[in-house]
Amino acid sequence: KQTLLPLLREETSSFIFPCNPAVQRPELRYMVLELLRCIPFLLFLLFVCGLDHFLFSILSIIQHHSLIEYSYQTSHHLSVNVMGTSLMAELLRTTIGALNTSYDTEMETSNLACLPRPSGMTRQQYLNTCLPLGVLALLCLAQVYPFRLRRAIAAFYFPKREKTRVLFLYNRLLRRRKNFLHLQRERVAQRARQPPGLGTLLLRWCRQHWPWLRLCLRRRCTVCGTRETPQHQPCPNPDCSALYCESCW
């Protein structure tokens, strides 16, 4: 609870607040990992759709530009004329005359039955194909909210374990805060021992000679880096130009 241990600005980003609708930093890492796992499925889907469109384009080109039509025409006429009026001539006209034939042949064919008949996917079919992947991505974005209920469910069934967990978290936070303040003191002292740079001297000179520039050239907290506000506290040492926000001070 905040009344028990108010969190610092740096500590707030390492905790998850269940009532905050925004996706917080600890949740953002897992959400990005889940989204990265969807990339292979997305690449496979794009490859399959691209391959489908490529094959459809090739088969469509073959269908429209490989049509061959054949036209075959032939005529056959056989006529045997036997001259004469004798008995042999009459006999030959009777027997050989049956061989007189006449016919015309005209045939047209094509390779239309052998050509492919591709059918491309419609936009609705493409949409139905990509819809499961889109739902999976939305679930990756929305999974952070159901995951916040895990602690509440565990605390309901195991209250003693929850109390132990809270005490451990509280003590660990105190140890981290002690180490954090120690490290920050060393870092601030190390920066104070370094001579100020040319940019820092120029900025300090501009703020002294043109006070109206302080609204634009606002300084930052030496520890956390937040921009200057009326609540910021300057160092009481006149030779030190360090500025601290309220929590860091």
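How many Å² does the accessible surface of the protein chain come to, and what percentage of it belongs to carbon and sulfur atoms? The accessible surface is about 20300 Å², and 64% of it belongs to carbon and sulfur atoms. Accessible areas come from the Shrake-Rupley method with a 1.4 Å probe, and for residues only the protein chains shown count as cover.

This is a predicted model, in which local features need pLDDT of at least 70 and side-chain atom pairs count only at pLDDT 80 or more, while totals for chains, interfaces and linings use all residues. Residues are numbered from 1 along each chain as its sequence is written, and side-chain values use heavy atoms, with hydrogens and water left out.

**View 1. The protein chain as a whole.**
The protein chain has nine helices and four strands. Both are DSSP runs numbered from the N terminus: helices are H or I with at least four residues, strands are E with at least two. Along the sequence, the pattern reads α-α-α-β-α-β-α-α-α-α-α-β-β. Of the 249 residues, 16% count as buried. Buried means under 20% relative accessible area, exposed over 50%, and partly exposed in between (1.4 Å probe, protein chains only). Among contacts with a separation of 6 or more, 60% link residues 24 or more positions apart. A contact means heavy atoms within 4.5 Å.

**View 2. The salt bridge of E27 and R148.**
A salt bridge is a side-chain nitrogen of Lys or Arg within 4 Å of a carboxyl oxygen of Asp or Glu. By this rule the count comes to four salt bridges. One of them joins the side chains of E27 and R148, at 2.7 Å from N to O. E27 lies in helix 2 (residues 25-37) and R148 in the loop between helix 6 (144-147) and helix 7 (149-157), so the pair ties together parts that are 121 residues apart in sequence. Both E27 and R148 are buried.

**View 3**
E34 pairs with R37 in a salt bridge, with the closest N and O atoms 3.2 Å apart. Both residues lie in helix 2, three residues apart, about one turn of the helix. E34 counts as partly exposed, at 24% relative accessibility. R37 is exposed, at 55% relative accessible area.

**View 4. Helix 2 against helix 5.**
The axes of helix 2 and helix 5 (residues 123-142) come within 9 Å and cross at roughly 165 degrees. Helix 2 is therefore roughly antiparallel to helix 5. M31, E34 and L35 of helix 2 make the contact with A137, C140 and L141 of helix 5. Axes are lines fitted to C-alpha atoms, for helices over the stretch in contact, and angles run from 0 to 180 degrees between N-to-C directions. Angles under 35 degrees count as roughly parallel, over 145 as roughly antiparallel, 65 to 115 as roughly perpendicular and the rest as oblique.

**View 5. Helix 7 and helix 8.**
The axes of helix 7 and helix 8 come within 5 Å and cross at roughly 120 degrees. These two helices are therefore oblique to each other. R151, A155, F156 and Y157 in helix 7 meet P159, E162 and R165 in helix 8.

**View 6. The salt bridge of R151 and E162.**
R151 forms a salt bridge with E162, and their closest N and O atoms are 2.6 Å apart. R151 lies in helix 7 and E162 in helix 8 (residues 159-193), so the pair ties together parts that are eleven residues apart in sequence. R151 is partly exposed, at 39% relative accessible area. E162 is buried, at 14%. Salt bridges that share partners join R151, E162 and R165 into one network.
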